[in-house]
Amino acid sequence: MDPIRYGMIGGGQGAFIGGVHRTAAAIAGNWRLVAGALSSTPEKAKASAADIGLPADRSYGSWQELLERERALPEAERIEAVAIVTPNHAHAAPAIAALEAGFDVIIDKPLADSLANAKAIAEAAARTGRRIAVTHTYTGYPLVKQARRMVASGEFGAVRRVMVKYTQDWLSRASDIAGNKQAEWRVDPARSGDAGAFGDIGTHAANLVEFITGQRIAAICAELTALPGRRIDDDGAALFRLAGGGRGTLTASQVCVGDANDLAISVYCDEAGLHWRQEEPNTLTVGRRDRPTEVWNAGANRAYLPGDILGIQRTPGGHPEGYLEAFANIYAAFGRTLRGVAAEGDEPGYATMDDALAGMKFIRACLDSSSRGAAWVDLSSIS
């Protein structure tokens, strides 16, 4: 298939996630970056484009200019999709404009800075008929997909309890903010939205729960806190109930000293418990009462894995694949969707609009619950 020609909004000099998206798209192999508006500052946008080899005539000083000028190009030359990798507050406007200009969109999570803006994006996608994907990275790992497959098969019985944590320490000191571009916008409600850690990484934890169990979080009771002087949460914990009746706990923190990027999940069913950890992503442990513990390993030569899961791995077992490759699996899957290639397996390979809106409702419910002294909030009441 011909690569998807795409333009990027955001992700210029000093940004983190833009480089991740570009690398993932390159690994996927079915995307080609041809244009960009890489910064809200025109001079920085041009310099950023030069740094990564974009031609000067496809480097734009604003996302508005990118959409206008690309749309005017011949159909065979213009971009087909837009990757949006800006801070949260700058998601909605370019996403809606891109959809209305006839371009598909791949966008970093969370979908927007507020539920209202997220719903506006969803309405634009429905109105225009364009496609949109959200990059919840961790669902791209092969053994996360295998865990989902095992739970869905019913061989372990019903889901009873889930324990998920996503803990980091990069904001554990007051001094971590000053001069740190990535930290500055994440602790600023004007750019991050009303949630901090729970919006940034709590949404990943919630998405992982829903992806593996195949169930939405139906109700939540959360307590969010922050270090003195900070305006939005950098730490929190929640109890939750799944739509199927299971119970769970979720912790999301960016101030847990000693934890670099510790996303870990345990799913306990009637007859087995499944355990996966992002810092050791190539193993999945399955424990039972009356049988030896199983350790499943990732790898393109692990014939015991289903064919569609083998098909998204690039190296033999023992040659670790990780974050960038998982991200690439999302790009590859969305690229196939845009080209009309049928998905293999039991899920599309990327977070859909329904998944992204569920994440936004999760954020809103956690904020509401915490503001009411950790009261239970039914997510069906969030609108």
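This is a predicted model: local features need pLDDT of at least 70, side-chain atom pairs count only at pLDDT 80 or more; totals for chains, interfaces and linings use all residues.
**Notebook: helices, a sheet and one aspartate**

I started with helix 5 and helix 12 (residues 353-371), whose axes come within 10 Å and cross at roughly 170°. Axes here are lines fitted to C-alpha atoms, for helices over the stretch in contact, and angles run from 0 to 180 degrees between N-to-C directions. Helices (H or I, at least four residues) and strands (E, at least two) are DSSP runs, numbered from the N terminus. That crossing makes helix 5 roughly antiparallel to helix 12 (angles over 145 degrees count as roughly antiparallel, under 35 as roughly parallel, 65 to 115 as roughly perpendicular and the rest as oblique).

Residues are numbered from 1 along each chain as its sequence is written, and side-chain values use heavy atoms, leaving out hydrogens and water.

Next I looked up who touches whom, with contact meaning heavy atoms within 4.5 Å. Helix 5 brings Leu115, Ala118, Lys119, Ile121 and Ala122, and helix 12 brings Met353, Leu357, Met360 and Lys361.

I found nine strands in an open sheet, ordered 13-12-11-10-6-9-8-7-14, with mixed pairing. Two strands pair if DSSP finds at least two bridges between them. Strand 13 (294-297) and strand 14 (377-378) are the edges, each pairing on one side only. Strand 14 runs antiparallel to strand 7 (residues 217-225), and two bridges join them. Helix 6 (residues 142-153) lies across several strands, including strand 12 (283-287), to which it runs at about 25°.

Last stop: aspartate 188, in the loop between helix 7 (181-186) and helix 8 (189-192). Is aspartate 188 buried or exposed? Its relative accessibility is 13%, so I wrote down buried (under 20% relative accessible area; exposed is over 50%, partly exposed in between, with a 1.4 Å probe and protein chains only). Its side chain makes polar contacts with the side chains of arginine 191, at 2.9 Å, and arginine 231, at 3.3 Å. A polar contact is a pair of N or O atoms within 3.5 Å; within protein, one must be able to donate a hydrogen and the other to accept it, and residues adjacent in sequence count only if both atoms are side-chain atoms.
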